[in-house]
Amino acid sequence: PVTADMETDYRLALERHVDAMGRVDYATWSESKEDRRALERYTGALLAALDPSELADWLNLYNALVTREIVRRWPMESVRDVRTVGGAPALFYDLQFDVAGDQLSLLDIETQIIRLRFADPRALFAISCGTRSCPLLPRVPYSRQALDRELEQATRAFVNHPDNVSVSDE
């Protein structure tokens, strides 16, 4: 299970490498052995002992996996740079993760678990795919106790960002 120390170390790494605008400094994260280790420990603990009934756990797992896979491969220009041997995009489709005994891709986690099982459209504003067009990576992990408020904040942040939604009279 994720211990309080693991969550604290991960949260501190997020605070050090994610700015107030939700932009991740993958370069400094990849250079920090301590913060890489914190990310690996947190992700490993979630993979081993995720509570499948908790949306917060799935959101945190998705965000931590994306971050971990980018940090592991840094430097890269785009998440699209992670390719299969045949050249197809792999990060979201082909990389498989053992999640409490099930082999799942990031796409499986997003579509089969987050979208279908939980069916809260706000959750899609809480997962970050590591690109500028995706929702922001939060500087703290989602919590079970405050998830409703956090999902509301994530949704508002995304739709109120001028790069994501604009309204015109035309």
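## Surface and charge

Accessible areas here come from the Shrake-Rupley method with a 1.4 Å probe. The model is predicted. For its protein chain, the accessible surface comes to about 9500 Å². Carbon and sulfur atoms hold 50% of that surface.

The chain also carries charge. There are 20 positive side chains and 28 negative ones. The centres of these two sets lie 3 Å apart.

## Overall fold

The protein chain has six helices and two strands. Read along the sequence, these elements follow the pattern α-α-α-α-β-β-α-α. The radius of gyration of the chain is 16 Å, close to the 15 Å that the globule rule gives for 170 residues, so the chain is as compact as a globular protein of that length. Along its principal axes, the C-alpha trace spans about 50 × 40 × 30 Å.

How much of the chain is buried? Buried residues make up 42% of the 170 residues. Take the contacts between residues at least 6 apart in sequence: 60% of them join residues at least 24 apart.

## E110 in helix α5

E110 sits in helix α5, which covers residues 106-117. Is E110 buried or exposed? Buried means under 20% relative accessible area. E110 has 17% relative accessibility, so E110 counts as buried.

Which residues does E110 touch, leaving aside those up to four places away in sequence? They are Y62, R115, L124 and I127.

## The disulfide

A disulfide is a covalent bond between the sulfur atoms of two cysteines. This structure holds one. C129 and C134 form the link, with their sulfur atoms 1.7 Å apart.

The link between C129 and C134 has a hand. With 80° about the S-S bond, the link is right-handed. Both cysteines, C129 and C134, are buried.

## A146 in a loop

A146 lies in the loop between α5 and α6, and helix α6 spans 147-159. Where does A146 stand on burial? The relative accessible area of A146 is 16%, so this residue is buried.

A146 can also be compared with A56. In sequence, A146 and A56 are 90 residues apart. In space, they are 9.3 Å apart, C-alpha to C-alpha.

Terms used: Residues are numbered from 1 along each chain as its sequence is written. This is a predicted model: local features need pLDDT of at least 70, side-chain atom pairs count only at pLDDT 80 or more; totals for chains, interfaces and linings use all residues. Side-chain values use heavy atoms; hydrogens and water are left out. Helices (H or I, at least four residues) and strands (E, at least two) are DSSP runs, numbered from the N terminus. The radius of gyration is taken over C-alpha atoms; the globule rule is 2.2 Å times the number of residues to the power 0.38. Buried means under 20% relative accessible area, exposed over 50%, partly exposed in between (1.4 Å probe, protein chains only). Contact means heavy atoms within 4.5 Å. Lys and Arg count as positive and Asp and Glu as negative; His and the chain ends are not counted. The place of a charge is taken as NZ of Lys, CZ of Arg, CG of Asp or CD of Glu. A disulfide is a pair of cysteine sulfur atoms within 2.5 Å.
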